[in-house]
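Here's a quick briefing for anyone meeting this one for the first time. Have a look at the structure, then read on.

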Amino acid sequence: MRETDYAYAVARIRANEGKLLTTAMLDELVAAPSFDRALALLRSHGWAEEGVTDVSALVAAQNERLWTLLQESVPDKEELQVLTSLNDFYNLKAALKCMLTNVDPAPYYVQPTMLDLGLLTDAMRRHAFEKLPPSLADCAREAYETATRTESGQSADVIIDAAALACLSKQADETESALQAKILRFICDSTNIKIAVRCARTGKDLSFTQSAVGPCCGFDRDGLCAAAVQGESALLGWLYATPYRDGVTALQRSTTAFEKWCDDSIVALCREAKYLFFGFEPIAAYYFAKSAEIKAVRIVLSAKLSGVPAETIRERVRDLYV
Amino acid sequence: MSNLGLVLALVGAAAAVIFAGIGSAKGVGMVGQASAGALSEDTSLFGKVLILQLLPGTQGLYGFIIAIFVLIRTGLLSGAVADLTWQQGLLYLVACLPIAVCGLLSGIHQGKVAAAGVSLVAKKNDQSGRAITMASLVEFYAILPFLISFLAVFRIG
């Protein structure tokens with residue numbers, strides 16, 4: 001695909017970028033005295049439909065609108081696969097767990113996904129893993145066999161998570177877009193850091209940590225695993241010498257602060273695409289930017305419903321693209 | 001070959017039309033795609049994006065004008081075909097090259113700038129003046145070779 005083939009998509013995305021919430025608008029939302037006032041503000045910015053007051057419904061509508069826009073804009077829908085592969089693996093986990101517990105997985109699936117969810121449910125129920133896309137088939141079979149053998153959902157999760165990270169790392173290596181590769185590698189590394197921290201906090205051994213941590217891009221995988229086995233402070237000390245030093249500061253505060261730092265870093269990377277007028281990058285950047293906006297609004301509205309003070313909300317909301 | 005001079009002159013005219021036309025077609029096509037993207041979100045932008053889409057179309061027009069002048073100068077339009085030597089024919093061919101080559105390249109590049117301009121207008125619709133100015137600067141490098149081709153065609157005796 002040539003970069004100029006994205007002229008239609010980029011123009012459409014730029015038109016929609018003008019409708020993204022700005023930091024000033026988000027501040028106004030955070031400062032709103034009540035949930036109803038916050039909702040009224042969102043309506044005035046065209047974010048919320050009249051009559052819809054449920055946060056989940058609002059978020060789902062925005063996600064659906066985002067995905068429809070991307071699908072209508074890009075010259076080849078298959079290219080969007082790179083944006084949804086993590087959701088595909090998440091849905092595989094949901095399908096596996098629901099199959100093992102004999103529960104309908106439909107309410108647990110996340111969107112957007114390029115995966116045929118009916119096919120996923122059916123393939124998992126019949127144990128016909130070969131019907132799944134090649135990126136999922138092997139890990140689905142391995143996760144199922146492990147889960148039934150060990151009767152441990154965690155072992156299956158570890159297998160699927162590691163496969164998801166391997167898939168992201170492969171996509172980062174294969175993409176021709178430098179920005180997309182940077183974002184995918186960041187997601188890979190930051191997820192590995194989260195896994196390593198969890199392993200360190202729960203005192204997992206080296207063998208388990210190595211099976212849980214996926215391919216790393218910005219640091220040495222073996223070094224990360226070895227540091228995680230020595231405990232959290234050793235791990236943070238080791239990470240301080242990597243390009244993820246700023247993340248360590250966030251991790252020292254809390255896991256929530258690290259999650260926020262990860263989301264903010266992705267949005268910061270996406271800002272590079274503001275100066276590109278052709279290619280897939282502006283589309284990918286818009287996807288991450290709009291997702292960050294949706295997450296920020298969800299946090300604000302949920303906090304407003306629970307009566308959380310504005311100052312506390314401000315600490316949690318993500319940076320915006322605009 | 002007794003008509004070699006005329007053949008060379010016609011090759012020049014054809015090159016001016018074909019290559020400059022390709023440049024314009026690519027440029028206008030690219031801006032057209034971007035314009036459709038912008039209009040799918042806001043139809044009121046039509047007037048602004050139309051100007052941007054027209055800009056890369058001029059190269060094809062310049063190539064067409066040069067080709068017409070070659071046809072006039074060689075007498076093909078009037079029916080009184082001139083008896084050109086191969087050297088004269090070659091001169092016509094060379095005279096057509098500036099607009100043929102620069103028309104092709106400037107058409108494509110102006111199309112890219114104009115398509116980027118459409119994206120700019122789609123995001124900030126008060127920026128159309130700047131977008132048009134930026135795309136117009138590329139036009140300068142289509143006008144210069146057009147003038148050179150035009151003067152050269154007229155000076156060939």
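A disulfide here is a pair of cysteine sulfur atoms within 2.5 Å. By that rule, the structure holds zero disulfides over all chains. Before going further, keep in mind that this is a predicted model, where local features need pLDDT of at least 70, side-chain atom pairs count only at pLDDT 80 or more, and totals for chains, interfaces and linings use all residues. As for bookkeeping, residues are numbered from 1 along each chain as its sequence is written, chains are lettered from A and ligands numbered from 1 in the order in which they are written, and side-chain values use heavy atoms, with hydrogens and water left out.

- A:C98 is in no disulfide, and the nearest cysteine sulfur, on A:C139, sits 16 Å away.
- A:C98 counts as buried because its relative accessibility is 7% (buried means under 20% relative accessible area, exposed over 50%, and partly exposed in between, using a 1.4 Å probe and protein chains only).
- A:C188 isn't in a disulfide either: its nearest cysteine sulfur belongs to A:C217, 4.5 Å away.
- With a relative accessibility of 0%, A:C188 also counts as buried.

- Helices (H or I, at least four residues) and strands (E, at least two) are DSSP runs, numbered from the N terminus.
- Two packed helices are described by the angle between their axes and the distance between the axes.
- For helix 5 (residues 81-101) and helix 7 (residues 134-150) of chain A, the axes come within 11 Å and cross at roughly 35°. Axes are lines fitted to C-alpha atoms, for helices over the stretch in contact, and angles run from 0 to 180 degrees between N-to-C directions.
- Helix 5 of chain A passes helix 7 of chain A in a right-handed crossing. A crossing is right-handed if the near helix is turned clockwise from the far one by less than a right angle, and left-handed if anticlockwise.
- On the helix 5 side of chain A, the contact residues include A:D88, A:F89 and A:L92, while those on helix 7 of chain A include A:C139, A:A143 and A:Y144 (contact means heavy atoms within 4.5 Å).
- Sorted by class, this contact between helix 5 and helix 7 of chain A has eleven nonpolar, two polar and one charged residues. Ala, Val, Leu, Ile, Met, Phe, Trp, Tyr, Cys and Pro count as nonpolar, Asp, Glu, Lys and Arg as charged, and the others, Gly among them, as polar.

**Buried spots on other chain A helices**

- In helix 2 (residues 23-31) of chain A, the buried residues include A:L26, A:L29 and A:V30. Those residues cover an arc of only 100° around the axis, so they're on the same side of helix 2 of chain A; the arc is that of the directions from the helix axis to the C-beta atoms.
- Among what covers the buried residues of helix 2 of chain A are helix 3 (35-44), helix 15 (281-306) and helix 16 (310-316) of chain A.
- A:Q180 lies in helix 9 (residues 178-201) of chain A, and at a relative accessible area of 11% A:Q180 is buried.
- Leaving out residues up to four places away in sequence, A:Q180 touches A:V82, A:T175 and A:F280.
- Helix 11 (residues 221-229) of chain A has A:G223, A:L224, A:C225, A:A227 and A:A228 as its buried residues.
- The cover over the buried residues of helix 11 of chain A includes helix 9, helix 10 (206-212) and helix 12 (232-240) of chain A.
- After helix 11 of chain A comes A:G231, with a positive phi near 115°.

**Loops worth a look in chain A**

- A cis peptide bond joins A:Q111 and A:P112, with omega about 0°. A:P112 is in the loop between helix 5 and helix 6 (117-126) of chain A.
- A:N102 is in the loop between helix 5 and helix 6 of chain A. Phi of A:N102 is positive, near 60°, in a residue other than glycine, and A:N102 counts as exposed at 73% relative accessibility.
- A:H127, in the loop between helix 6 and helix 7 of chain A, has a positive phi near 60°. A:H127 is partly exposed, at a relative accessible area of 35%.

**Chain B**

- Chain B has five helices and zero strands.
- The C-alpha trace of chain B spans about 60 × 20 × 20 Å along its principal axes.
- Of the 157 residues of chain B, 43% count as buried.
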